[in-house]
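Student: Could we go through this structure together, asking what stands behind each label we give it?
Tutor: Gladly; have a look first.

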Amino acid sequence: MARTRTIKPEFWDDEKLSTISLQARLTFIGMWTCSDDYGVVKGHPRWLQNKIYPYDIIKPTTFDFWLEELTKLKVIIPFNIEGEQYFYIKHFKEHQKV
């Protein structure tokens with residue numbers, strides 16, 4: 001279930017985020033709405049793509065590249081538990097009031 005999240009004005013001034021594509025930044029925001037209250041989101045790329053962009057035709061390799069951009073920037077951290085893939089959104093609790 002999607003959740004209401006807040007985008008602070010400082011998001012747009014973040015110089016680190018300006019180094020990645022606009023689509024990766026939008027994906028990052030979309031991940032917030034799919035995450036739990038601790039900043040953890042299911043990490044299966046196709047599931048995530050369909051949650052964030054349900055009506056858009058996006059090549060899976062393109063979406064995977066956006067996730068790679070976010071991972072390389074270290075704003076999301078991939079991890080596995082019992083064979084299931086997840087992402088942890090770094091600094092999530094600092095910016096989202098649950």
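**Helix packing and overall build**

Tutor: Let's start with helix H1 (residues 22-34) and helix H2 (residues 45-52), whose axes cross at roughly 95° and come within 10 Å. This is a predicted model, in which local features need pLDDT of at least 70, side-chain atom pairs count only at pLDDT 80 or more, and totals for chains, interfaces and linings use all residues. Residues are numbered from 1 along each chain as its sequence is written, and side-chain values use heavy atoms, leaving out hydrogens and water.

Student: Why are H1 and H2 called roughly perpendicular to each other?

Tutor: Angles of 65 to 115 degrees count as roughly perpendicular (under 35 is roughly parallel, over 145 roughly antiparallel, the rest oblique). The crossing angle of H1 and H2 is roughly 95°, so the two helices are roughly perpendicular. Angles run from 0 to 180 degrees between N-to-C directions, with axes fitted to C-alpha atoms.

Student: Which residues make the contact between H1 and H2?

Tutor: Thr27, Gly30, Met31 and Cys34 of H1 meet Trp47, Leu48, Lys51 and Ile52 of H2, where contact means heavy atoms within 4.5 Å. These residues divide into 5 nonpolar, 2 polar and 1 charged. Here Ala, Val, Leu, Ile, Met, Phe, Trp, Tyr, Cys and Pro count as nonpolar, Asp, Glu, Lys and Arg as charged, and the others, Gly among them, as polar.

Student: What makes H1 roughly perpendicular to H3?

Tutor: H1 and helix H3 (residues 60-72) pack at about 80°, their axes 9 Å apart. That angle makes H1 roughly perpendicular to H3. Among the residues in this contact are Phe28 of H1 and Trp66 of H3.

Student: Why is Thr71 called partly exposed?

Tutor: Buried means under 20% relative accessible area and exposed over 50%, with partly exposed in between (1.4 Å probe, protein chains only). Thr71 has 26%, so Thr71 is partly exposed. Thr71 lies in helix H3 and, leaving aside neighbours within four places in sequence, is in contact with Ile76, Pro78 and Phe87.

Student: And how do you know that the protein is as compact as a globular protein of that length?

Tutor: The elements run α-β-α-α-β-β-α from the N terminus on. The globule rule is 2.2 Å times the number of residues to the power 0.38, and the radius of gyration is taken over C-alpha atoms. For 98 residues the rule gives 13 Å, and the radius of gyration of the protein is 13 Å, so the protein is as compact as a globular protein of that length.

How values were computed:
Helix = DSSP H or I, 4+ residues; strand = E, 2+ residues; numbered from the N terminus.
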